[in-house]
Amino acid sequence: MAFLLAVDQGSTKTAALVGDDAGRILGVGYAGGACHSSDGMDMAMSMVRSACGEAMRQAGASAADIALLVGGLTGADWDYEYPLLEDALIRTIGVPSVRVCNDCVIAQRGGTDAGHGVVLCAGTAFNAAVQTPDGGRFIFGYYVNDEDMGGTSIGKAAVVAVCNAHAGIGPPTRLTGLVLGFYRVPTVDELLFRRINGKLRPYKDAAPLVFEAARAGDPAAVGILERHGESVARYAIAGLRRIGDAGLRTDVVLSGSIFKAKDRILQRSIAGKLAMEAPQANVVDALYEPVVGAYLLGLDEIRGAKFPMRGESLLKSASRFDLLRMANNKEEGGNP
């Protein structure tokens with residue numbers, strides 16, 4: 001029996017799992033998030049080491065037992081970074097066979113068995129990728145516009161909506177009370193002052209307020225989410241054009257914490273935009289947390305064929321470890 005080690009590293013969390021070659025997850029570990037390009041390779045690898053150590057301890061496995069490590073790492077955006085990251089993982093974990101990809105690639109595999117498709121990943125930030133039927137891949141990465149940066153952009157839009165309402169250039173919104181309370185400021189003037197001087201908490205932390213206000217029917221909040229959904233749908237449309245076959249049914253996988261919000265305004269907005277411009281798109285929520293997608297990619301490689309995403313052993317063990325995305329949704333507002 002072969003063991004596989006899977007890693008998902010994002011800016012807020014690093015997850016690792018150990019599973020066997022039959023699709024049974026045996027151990028899971030977590031550590032803080034990091035990105036090699038912004039936090040340094042040593043910091044990124046220390047988080048990987050911690051998460052992998054716990055996963056291997058739970059599974060009763062050592063590095064010598066691992067046949068393949070698949071890592072989906074944030075910041076793996078340029079071709080030259082992949083061998084550097086693979087070498088760092090080999091030195092850090094001691095597994096000689098390592099594959100590295102961008103973290104949105106593993107998120108895609110956690111939502112589809114198809115050999116082609118598009119993924120939209122929205123959490124603290126945003127990324128998207130497309131895989132063509134011939135195996136080609138394009139990751140949007142640094143091509144993503146600033147206004148599309150997931151929870152960060154949604155939270156910033158909430159602050160802007162409050163300022164616009166106070167100035168009279170936007171509609172009144174219940175976001176005013178929510179945002180002032182969240183940032184603990186007495187007036188919109190003080191909020192604006194802190195915004196201009198960069199003294200507000202990260203915008204991503206305010207994103208759940210938009211979902212809360214939207215559930216209450218606030219037009220400004222609903223508008224923020226609808227516009228955000230339409231905007232990020234552009235990446236799916238661009239990805240579908242790269243596939244180049246308007247008749248080919250193609251999964252568009254939605255992954256990331258923003259898409260866990262119980263209200264599905266974002267999903268409806270994306271689906272509506274795609275229905276008009278790309279009817280071949282099949283919008284689906286990722287079934288698994290991305291680390292399971294990394295595990296599936298490993299299973300695909302060692303078995304030489306696609307491992308069924310809904311295999312009984314995988315579903316059962318993923319449920320046991322709280323790795324089913326919708327079943328594990330405990331957040332009221334898509335907290336990044």
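I began with H116, which is buried, with a relative accessible area of 13%. The model I am reading is a predicted one.

I then looked up where H116 sits, and found it in the loop between helix 4 (103–109) and strand 6.

I read an open sheet of five strands in the order 8-7-6-9-10, with mixed pairing. Strand 8 (137–139) and strand 10 (281–285) are at the edges; each has a single partner strand, so one side of each is without a neighbour in the sheet. I noted an average twist of 15° from one strand to the next.

I followed one pair more closely. Strand 9 (residues 250–255) pairs with strand 10 in the parallel sense, over five bridges. Within this pair, I found V283 of strand 10 to be the bridge partner of V252.

Which helices lie on the sheet? I found helix 10 (residues 265–277) packing on it and touching strand 6, strand 9 and strand 10. The direction of helix 10 makes about 170° with that of strand 10. Helix 9 (residues 219–243) lies across strands 6, 7, 8, 9 and 10, and runs at about 160° to strand 6 (117–122).

I moved on to the nonpolar cores. The largest has 65 residues, and L17, V18, I25, Y288, V292 and L323 touch the most other members. Helix 2 (residues 41–59) gives the largest share of this core, nine residues. I looked up L17 in particular: leaving aside neighbours within four places in sequence, L17 has contacts that include L4, L5, I25, V28, A55, V292, Y295 and L323. I also found a second, separate core of 52 residues, which includes A122, V179, L225 and F259.

Last, I checked the cysteines. How many disulfides are there? The count comes to zero. The sulfur of C121 has its closest cysteine sulfur in C104, at 5.0 Å, which is too far for a bond because the cut-off is 2.5 Å. C121 counts as buried, at 14% relative accessibility. C163 also counts as buried, at 10%.

Key:
Residues are numbered from 1 along each chain as its sequence is written. This is a predicted model: local features need pLDDT of at least 70, side-chain atom pairs count only at pLDDT 80 or more; totals for chains, interfaces and linings use all residues. Side-chain values use heavy atoms; hydrogens and water are left out. Two strands pair if DSSP finds at least two bridges between them. Helices (H or I, at least four residues) and strands (E, at least two) are DSSP runs, numbered from the N terminus. Axes are lines fitted to C-alpha atoms, for helices over the stretch in contact, and angles run from 0 to 180 degrees between N-to-C directions. Contact means heavy atoms within 4.5 Å. Buried means under 20% relative accessible area, exposed over 50%, partly exposed in between (1.4 Å probe, protein chains only). A nonpolar core is a set of buried Ala, Val, Leu, Ile, Met, Phe, Trp, Tyr and Cys residues joined through side-chain atoms within 4.5 Å.
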